[in-house]
Amino acid sequence: MRNQLFIGGEFVDSVSGATIEVINPHDCSVITEVAEARADDVDRAVDAASAAFPAWRKLAAAERGRLLLKLADAIEAHGEELAQLESLDTGHPISDARKLDVPRTAACFRYFGGMADKLQGDVIPVEPGFLNYVQREPLGVVGQIVPWNFPLMFCSWKMGPALAAGNTVVLKPSELTPLSSLRLAELMTEVGFPAGVVNMVPGFGAGAGERLATHPDVAKIAFTGSTATGRRIVEYSASNLKRVQLELGGKGANIVFEDAIIPAAVGGSAFAIFHNQGQACIAGSRLLLHEKIADQFLERFVGLAKSIKLGNPLDPTTEMGPLTSPMHRDRVISYVKVAIDEGGEVITGGRAPDDPALANGCYIEPTIVRAKPGDRVCQEEVFGPFVTVSTFADDDEALAIANSTDYGLGGGLWTQNLSRAHRMAGAMRSGMIWVNSYKRVSPASPFGGTGLSGYGREMGFEAMREYTEAKSIWINVDAQIPPWYPR
Ligand code: NAD
């Protein structure tokens with residue numbers, strides 16, 4: 001297990017010698033200690049990335065792509081090891097880590113590996129005698145700050161397009177979950193990424209994160225995390241007017257209409273909120289049920305929630321693991337009281353499971369709470385296996401409730417009426433909508449939000465634009481002074 005900082009192609013201790021304890025959320029035991037990056041370590045990493053930038057941007061795009069493709073292969077070859085690390089560190093059930101986290105990480109690097117040499121410019125039809133072309137150029141050193149909920153996968157979402165486009169990277173993993181990122185750095189070295197192209201600086205937000213976001217030589221910060229931290233990042237960016245891309249919180253509305261196929265909607269809605277213990281920005285955390293089908297839907301949905309098998313994430317039969325940290329578990333549990341204080345009703349869950357084998361871990365039972373759309377639990381991101389249920393009478397009311405939060409990231413619709421599906425999808429204030437499905441993602445499809453969910457898009461061709469800027473070049477074709485010059 002790698003537990004040092006990765007700077008300039010080498011694993012090194014932090015300047016201060018400080019370390020961070022990495023906790024196994026299954027039983028709160030210490031897995032290992034990892035070097036803690038502080039401001040001077042971030043400075044070293046930015047220097048290494050700056051030094052590597054000129055050669056990396058000049059490397060043939062196909063060659064950058066080839067390294068990303070090799071990395072995707074290496075991730076698959078080490079898939080079981082990466083899945084176990086991710087499961088140990090985050091609490092993801094190992095079956096999810098094997099089926100989703102690792103394959104999606106490889107697929108994302110592979111997509112951007114293929115994209116590297118397809119980033120074309122434009123030729124613009126301007127006045128006669130002039131050729132105007134626009135080429136897309138990398139930004140330089142990019143700082144990337146990621147949270148703890150999908151640490152491995154987010155490395156690919158962030159680094160894939162940045163590297164394909166010719167930028168060099170300093171990535172700060174969350175202080176809670178640095179293990180898979182450090183292993184990834186090692187694999188990158190093994191497949192041949194030049195020293196300094198990627199640097200990993202695990203550390204706290206107030207030390208390493210703030211330095212990266214204020215650093216004068218960092219051209220852009222791509223941030224995934226809470227809305228509160230996102231606001232700070234925008235303030236930090238003012239020092240050198242660096243670009244900012246923000247993937248922030250969400251409060252996804254998941255709407256079940258009276259004509260939905262109920263068994264499909266029940267299963268899909270459970271995945272929407274309980275996958276990864278609800279620790280997903282796009283989680284369907286507000287369930288809106290048409291009043292005609294609310295009772296029959298809830299009976300099945302509550303039954304399914306109660307049957308989910310909680311357990312040690314390394315057990316392949318576990319369906320739901322612990323939350324990723326004790327602090328976060330306490331925060332999620334605190335929302336049960338918030339709900340009750342506002343007149344909400346806990347239909348199931350809202351507490352730690354009885355199983356003594358899980359007593360020291362960060363476990364919470366799948367929790368379903370009946371609440372009014374304006375209640376705090378329906379407006380604030382809880383980020384756990386905690387779903388609110390409200391009812392509606394018609395499409396207009398469903399839409400008004402769906403659009404009643406300040407977030408706008410993901411949302412779901414369950415209906416067999418095609419016109420309704422298109423109408424609602426168009427009217428919902430949300431970066432992504434799933435119809436008769438939830439939480440589908442692909443490296444080829446843009447991902448991101450609006451409102452307090454942030455701005456900018458990851459994945460797809462959009463992401464390549466986010467990591468490049470347009471340069472417009474004018475050629476006077478016959479090299480003569482045009483007749484309309486004064487002399
Ligand atoms: P967080 O904002 O506390 O931390 C995210 C990252 O920012 C961590 O690496 C942290 O160390 C760093 N950080 C914290 N304070 C900082 C500061 N002052 N300066 C610079 N960096 C700082 O968020 P979290 O609790 O780790 O993650 C959960 C949040 O992430 C949720 O709100 C969730 O919705 C959001 N999220 C969004 C997306 C998306 O794509 N929209 C995806 C996953 C998670």
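**A first look at the pockets and the ligand**

User: How much space lies in the largest pocket?
Analyst: Happy to start there; this is a predicted model, where local features need pLDDT of at least 70, side-chain atom pairs count only at pLDDT 80 or more, and totals for chains, interfaces and linings use all residues. Residues are numbered from 1 along each chain as its sequence is written, and side-chain values use heavy atoms, leaving out hydrogens and water. On a 1 Å grid over the protein atoms alone, a pocket is an open set of points where a 1.4 Å probe fits, with protein on both sides within 12 Å along at least five of seven lines, and lining residues have an atom within 4 Å of a point. With volume taken as the space filled by probe spheres set on the points, joined across faces, edges and corners, the largest pocket holds about 900 Å³.

User: Which residues that line the largest pocket are the closest to its centre?
Analyst: The lining of this pocket counts 37 residues. Closest to the centre are Pro-147, Trp-148, Gly-225, Ser-226 and Thr-229.

User: Which pocket is the space taken by the ligand?
Analyst: A molecule sits in a pocket if more than half of its atoms lie within 2 Å of the pocket's grid points. For the ligand, that space is the largest pocket.

User: How far from an oxygen atom of the ligand does a polar side-chain atom of Glu-381 lie?
Analyst: Polar contacts here are pairs of N or O atoms within 3.5 Å. Trp-148 has a polar side-chain atom 2.9 Å from a ligand oxygen, and Thr-229 has one at 2.8 Å. For Glu-381, the distance is 2.5 Å.

Key:
Polar contact = N/O pair within 3.5 Å; in protein donor to acceptor, adjacent residues only side chain to side chain.
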